[in-house]
Amino acid sequence: MSLLLSKSEQAIFDGEAGEAARQSMDILVALGKIYGAKKMIPITSAQISGVSYKTMGDAGLEYLQGLAKKGAKVKVPSFLNPAGMDREQWKEMGIPEDFAKKQIEILDAYARMGIMKTCTCAPYFIGIRPKKGEHVAWAESSAVAFANSILGARTNREGGPSALAAAICGVTPYYGLHLDENRHADIVVDVKCDLKGLADYGALGSAIGKLSKNRNPAFTGIDKTTAGEPKLKVLGASMAATGSVPLFFIKGITPEWNVSDKIERIKFTDSDLKAAKKEIDTGLKPDLVTIGCPHASLEEIKDVAILVERKKPTCDFWVCTSRKLKDEAEKLGYKKTIEEAGGLIVADTCMVVCPLEEMGHIVTGTDSGKAAAYLPNLCKQKVAFGDLEDILYR
Ligand code: F3S
């Protein structure tokens, strides 16, 4: 059956809402046809990736400026993924001036379309939390995994252009994870080891992502009382990075548990955890430790402040988070404590999308399987992987 548009969607497609909206509906219709969607579905929010000048370049900037010039305006609350720098402290970070200028132009183009300059990959920590069953169009892979799995919302893993098109039209093609029949597990992982810090969840996610190969995993054996949202976000982000996993289930934790008895079942033991960590960690001492992939929650920032107040780290360190939580951390005194220990709370950006390699860093520390997966290729970094107490004081 072919894709049917409503009267208002057809009007946008025919150009009655302007050229920018027409182009956007064109993208959505093409996507819908490729994936066999029968209709569009209204969305309540859009999260847009493709924000850092490092990944967008001049071509991306010109595309956005062109769209803004044609009068593009978003129809639903829409917000941005991390940019390539902290909008206020880019000089302290060591960002080159010409990079900063282009980055500001990208953010301004998005703002002209009505998009919030949130610049975070963890919008769920700043109050943007779609409810179970709510349809959204989110692009950041870790946020997609969190929204689908932990919140029970429904989104495909959008690309930057399709999320932006959905934001402008207020709808997305109805296929993939928007449909009940696709929201099921394909493999069960019985966790037989004790997961402690964030790095354990990062290593588990990294290993299972590689093994899942686009299958949705379901976990048993993860303790609800110790696995808070920061650990679950790291688990999902790591699987999204190494295996493009957009949805997972955890017995007793996730709002959905669609798991058949007939699917493959594997065990994840202590020795698997050790092997996963060893595979990621070079064992080197980092010259920069980066915390917050995905962006740190206030609870994580507090934990860092407590740790570094007790003992000053032996290397530079950043805590990456949203602007909103950076401001809250300042009010609560965590920012001062972190700065006195030689660190920076860096908002709007992250270790992967800022130009780390141009800033002279060689070995970067992380407790996230996602950052560990991307740092070598995207930032030419060697990775020191482990829990904070390990990488901050190596
Ligand atoms: Fe977020 Fe950057 Fe990690 S966008 S998920 S902190 S790689």
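Predicted model: local features only at pLDDT ≥ 70, side-chain atom pairs only at ≥ 80, totals over all residues.
1. The largest nonpolar core has 133 residues, and Y110, F219, I222 and W318 touch the most other members. There's also a second, separate core of five residues, with L177, A185, L247 and F249 among them.

2. F219 is a handy one to click on. Skipping neighbours within four places in sequence, F219 is in contact with V189, V191, L204, I208, L235, M239, F248, F249, I250, K251 and W257. Two of the names on that list, L204 and I208, turn up again among the buried residues of helix α8.

3. So what about α8 itself? Most of α8 is covered, with twelve of its 15 residues buried. The buried set includes D200 and S206 as well as Y201.

4. Next, have a look at the open sheet. Its four strands run in the order β8-β7-β6-β9, with parallel pairing. β8 (249-250) and β9 (264-268) are the edges, each pairing on one side only. Between β6 (residues 187-191) and β9 there are five bridges; in one of these, I187 partners E264.

5. Last stop, the ligand. Which residues are around it? They are P82, C121, E140, S142, G292, C293, P294, C350, V352 and K370. Sorted by class, that shell is six nonpolar, two polar and two charged residues.

Terms used:
Residues numbered from 1 in each chain as written. Heavy atoms only, no water. Buried < 20%, exposed > 50% of the residue type's maximum accessible area, 1.4 Å probe, protein only. Core = buried A, V, L, I, M, F, W, Y, C linked by side-chain atoms within 4.5 Å. Contact = heavy atoms within 4.5 Å. Near = heavy atom within 4 Å. Nonpolar A, V, L, I, M, F, W, Y, C, P; charged D, E, K, R; others polar. Pairing = 2+ DSSP bridges.
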